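Student: Could you take me through one part of this structure up close? I'd like to look at the ligand and what surrounds it.

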Amino acid sequence: MTEQLERVREFAAAELPGAHASLDTLAEMPLPLYGRFGDAGLANWWIPEAHGGLGLGLAESVEIVNELAYHDAGVAFTLFISVLGSSMVELYGTPELKERLLPPLAKRGTFCATLGSEERAGSELGKSETTIAREGGELVVTGEKYFSTNSAFADFLVVIGVSATDPTDPQAVVVPRDTPGVTIDKRWDVIGLRSSGTYRVSLDHCRVPEENRLKGSGLRLLEIGLNASRILIATTAVGIARRMRDLCMEYAKSKPFRDSTLLAGPVFAAKLGQMEMQIAVMKNQCEAAAREYDAIMSRPDAAGVFTRLGTLKSAVAAKMFCGQTGWEIAGVASQMFGGLGYTHESPIGKLVRDMRHVSIIEGGDDVLRDLVFSRYVVPVARRT
Ligand SMILES: Cc1cc2nc3c(=O)[nH]c(=O)nc-3n(C[C@H](O)[C@H](O)[C@H](O)COP(=O)(O)OP(=O)(O)OC[C@H]3O[C@@H](n4cnc5c(N)ncnc54)[C@H](O)[C@@H]3O)c2cc1C
């Protein structure tokens with residue numbers, strides 16, 4: 001791992017110094033930058049060796065994402081979010097589907113996107129209005145997807161919908177991006193993660209072979225895919241928080257305060273000591289969740305174990321805790337800069353906007369509280 005982490009550090013040092021300004025714009029997706037990450041042999045680092053990838057686990061992914069997010073959270077998000085769709089394919093796709101879809105992610109550094117969210121269904125994806133019909137050995141996918149990251153330039157889309165004949169039967173289907181009927185309606189003007197691309201997408205009678213359907217309930221598969229990406233979203237908060245801490249330290253060294261600098265002030269010391277404790281606990285929770293995930297993934301019956309467990313409590317706890325604690329750190333850090341913290345002159349404002357996503361994407365905190373309550377509090381046997 002040290003070798004890959006070293007390469008990630010080299011990439012970040014060469015490509016992302018002072019990234020806050022150049023990557024904080026929606027002008028163009030910085031695809032050449034992402035291409036160079038692939039050229040460094042790092043693209044989609046979690047793809048198993050059997051499919052031509054590096055086969056790194058989630059614990060190693062935590063290290064990589066922590067490093068990337070320190071420099072730019074949008075870059076980190078773009079580079080890891082394919083784990084959501086690719087892990088669903090890896091666990092629940094046919095051998096042919098895996099062989100077709102996974103090697104290009106590793107070798108060509110391509111992307112995949114997951115299309116769950118809808119305007120009306122919100123987080124209640126059981127109410128999805130995207131339909132999947134069977135017609136003469138093919139599946140016909142039709143619907144409107146509200147938010148989907150990377151879909152404009154992805155190789156393939158993992159679409160969540162329901163059977164056209166039975167709305168209580170959720171399904172997950174792989175739709176190649178170049179399938180006729182796939183339209184990118186717009187790119188969202190997001191307030192943070194602006195080096196990433198999130199799109200509104202229409203699917204108009206997109207025809208794919210029946211074997212493109214992943215095995216199992218579409219909603220369960222989405223839950224399972226979200227385990228990895230939620231842990232890495234949580235890790236993004238760790239990277240952003242570390243960057244905030246370092247900026248606070250730099251600022252405090254030069255900010256005159258009484259007969260010295262802010263660095264010598266006891267109030268500053270207390271805040272930074274608190275911040276360091278919070279970062280340590282955030283990171284520990286990401287690592288613990290990643291270890292649990294890796295232990296399951298290393299089992300020959302991983303797909304079956306995940307089908308039984310669904311959402312891992314450790315993964316949701318990581319996202320909730322890191323989102324909430326990261327937001328607290330963002331408040332302290334931005335105040336540290338006084339009025340400057342409320343301007344675009346200091347990078348802290350960009351980091352605050354980047355931090356906000358952690359508690360929103362892939363389930364807002366209210367939705368996740370509800371999920372933890374029903375899955376891990378109500379059933380007495382699942383309480384810890
Ligand atoms: C930058 C970005 C990238 C994204 N990428 C993707 C992607 O790649 N693929 C994808 O499918 N989606 C993606 N999303 C969508 C994202 O996951 C959702 O926006 C997020 O999960 C929140 O869901 P929602 O927007 O449907 O809002 P909702 O969950 O519907 O929330 C709206 C309001 O309803 C409340 N609410 C909802 N349910 C409950 C409940 N059970 N209990 C109490 N209150 C509740 C919420 O607290 C909130 O106040 C992305 C979004 C963004 C901003």
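This is a predicted model: local features need pLDDT of at least 70, side-chain atom pairs count only at pLDDT 80 or more; totals for chains, interfaces and linings use all residues.

Tutor: Let's start with the pieces of secondary structure around the ligand. Strand S1 (112–115), strand S3 (138–149) and helix H13 (365–377) each supply at least two residues of the shell. Now zoom out to the domains: the ligand lies between domain 2 (112–212) and domain 3 (218–382), because both of them give residues to that shell.

How many residues surround the ligand? There are 18, and the closest are Gly116, Ser117, Ser123, Thr149 and Asp366.

Next, check out some individual contacts. A polar backbone atom of Gly116, one of those closest residues, is 2.8 Å from an oxygen atom of the ligand. Glu362 also uses its backbone: one of its N or O atoms there lies 3.0 Å from a ligand oxygen. With Asp370 it's the side chain that takes part, with an N or O atom 3.0 Å from a nitrogen atom of the ligand. As for cover, the ligand on its own has 960 Å² of accessible area, and the protein covers 64% of that.

And where does the ligand sit, in terms of pockets? The space it takes up is the largest pocket.

Conventions: Residues are numbered from 1 along each chain as its sequence is written. Side-chain values use heavy atoms; hydrogens and water are left out. A residue is near a molecule or strand if one of its heavy atoms lies within 4 Å of it. A polar contact is a pair of N or O atoms within 3.5 Å; within protein, one must be able to donate a hydrogen and the other to accept it, and residues adjacent in sequence count only if both atoms are side-chain atoms. Accessible areas come from the Shrake-Rupley method with a 1.4 Å probe; for residues, only the protein chains shown count as cover. On a 1 Å grid over the protein atoms alone, a cavity is a set of points where a 1.4 Å probe fits but cannot get out, and a pocket is an open set with protein on both sides within 12 Å along at least five of seven lines; lining residues have an atom within 4 Å of a point. A molecule sits in a cavity or pocket if more than half of its atoms lie within 2 Å of its grid points. Helices (H or I, at least four residues) and strands (E, at least two) are DSSP runs, numbered from the N terminus. Domain bounds come from an automatic or database domain assignment.
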